Amino acid sequence: MRVVSGIQPTGSLHLGNYLGAIRNWVSMQDEVEGECLFFLADLHALSMPHDPAALRAGTLEMTAALVACGIDPARSILFNQAQVPAHPELQWLLNGTARMGWLNRMTQFKDKSGKNREGASVALFTYPVLQAADVLLYQATHVPVGEDQKQHLELARDIAQKFNNDFASEDAPVFTLPEPYIPPEAARIMSLRDGSAKMSKSDPSDMSRINLSDDPDTVMKKVKKAKTDPEPLPSDAEGLAGRPEALNLVSIYAAVARRDVGSVLSEYGGQGFGAFKPALGELLIETLGPISERFTELLRDREALDAILATGAAKAREMAAPTLAETYRALGLLRG
Ligand code: ATP
Ligand code: MG
């Protein structure tokens with residue numbers, strides 16, 4: 001089993017990223033027999049307008065955040081794409097296999113380009129091919145994906161299959177078809193300002209999310225100001241139907257405490273948010289406190305962060321080399 005997953009280093013890590021993805025990455029380090037590769041998708045950041053200084057700082061910040069959350073660079077391969085040129089190289093090689101029709105169907109391009117299709121970057125259109133390269137390069141067997149990324153993983157499988165069909169013999173395929181990996185506890189956390197929108201790095205309102213770098217006062221303030229309704233909490237999960245904001249806060253509590261929603265409601269059912277919010281705030285402060293302290297500490301040591309990324313990238317380059325060489329060879333490209 002080999003797991004590969006990435007995160008864009010734009011914006012700061014929030015509770016949704018942590019509960020929905022990173023916490024699972026951390027436990028995969030113990031559960032997966034084989035290698036875990038986690039990368040910062042800095043090349044993907046070029047698909048949207050971006051500020052170079054912010055990308056540079058964001059890459060270091062995200063590295064510190066991942067390590068603070070428990071990604072262990074001694075056990076997992078942690079790196080940024082920009083230090084492993086095999087990623088964009090393989091993307092170009094796969095561009096010959098990917099079909100326009102396949103990319104035209106990607107809903108994320110439609111969502112992110114919005115009405116300005118003509119003004120969108122070419123990178124935004126071909127981004128899913130780079131994502132395919134990200135995982136195929138390492139012969140990933142499993143890719144942890146959220147709902148929003150399922151279509152891109154399907155595309156990676158289509159590309160791998162067509163490439164194998166066109167350029168490899170049946171008994172010696174060049175690429176492994178990666179399977180989606182659905183973690184046992186994958187929480188989907190919503191915005192604190194709107195129970196129908198997901199918590200996200202790119203939401204302009206900082207009050208909509210809890211950042212892993214928020215200090216205790218900020219965490220408590222954000223929880224207390226979170227949108228809710230005037231009703232007390234129900235005593236069972238069915239009572240949360242039609243109350244997305246209440247459901248979100250209870251789900252956050254449950255995910256952080258590793259309990260189910262029913263068990264949280266058996267404790268807090270009948271109580272109002274005046275009692276529940278401070279309890280949730282305390283729980284978050286207690287859980288995130290050590291992570292945020294470690295994060296601040298790591299951020300101060302630029303050299304250590306550079307070294308983590310350099311070491312991870314060296315391992316990734318080595319692991320990528322055979323597949324990249326095989327791809328060139330299969331395509332008939334002479335390399336001396
Ligand atoms: P952006 O707004 O820039 O897309 P994001 O907050 O969606 O940022 P990503 O870098 O796109 O973050 O996603 C990183 C990982 O976190 C992915 O695995 C994604 O599925 C997961 N994730 C993002 N937001 C949430 C959320 N609200 N709840 C659970 N998981 C989430
Ligand atoms: Mg996203």
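Visitor: Why is Asp134 called buried?

Guide: A residue counts as buried if 20 or more other C-beta atoms, placed from the backbone, lie within 10 Å of its own, as exposed if 12 or fewer do, and as partly exposed in between. Asp134 has 27 C-beta neighbours inside 10 Å, so Asp134 counts as buried. This is a predicted model, in which local features need pLDDT of at least 70 and side-chain atom pairs count only at pLDDT 80 or more, while totals for chains, interfaces and linings use all residues. Residues are numbered from 1 along each chain as its sequence is written, and chains are lettered from A and ligands numbered from 1 in the order in which they are written.

Visitor: Which residues is Asp134 in contact with, leaving aside its neighbours within four places in sequence?

Guide: Contact is defined by C-beta atoms, placed from the backbone, within 7 Å of each other. Asp134 is in contact with Val4, Gly6, Phe39 and His87, once neighbours within four places in sequence are set aside. Asp134 itself lies in helix α6 (residues 122–136); helices are DSSP runs of H or I with at least four residues, strands are runs of E with at least two, and both are numbered from the N terminus.

Visitor: What does UniProt say of Asp134?

Guide: The annotation "binding site", from an unreviewed entry, covers Asp134. Such annotations may be inferred rather than shown by experiment.

Visitor: What makes a set of residues a nonpolar core?

Guide: The members are buried Ala, Val, Leu, Ile, Met, Phe, Trp, Tyr and Cys residues, joined through C-beta atoms within 7 Å. The largest such core here has 84 residues, and Leu37, Ala65, Ala132 and Leu136 have the most contacts inside it. At least three of its residues come from each of domain 1 (2–187 + 302–331) and domain 2 (214–298).

Note on methods:
Contact = placed C-beta atoms within 7 Å. Domains from an automatic or database assignment.
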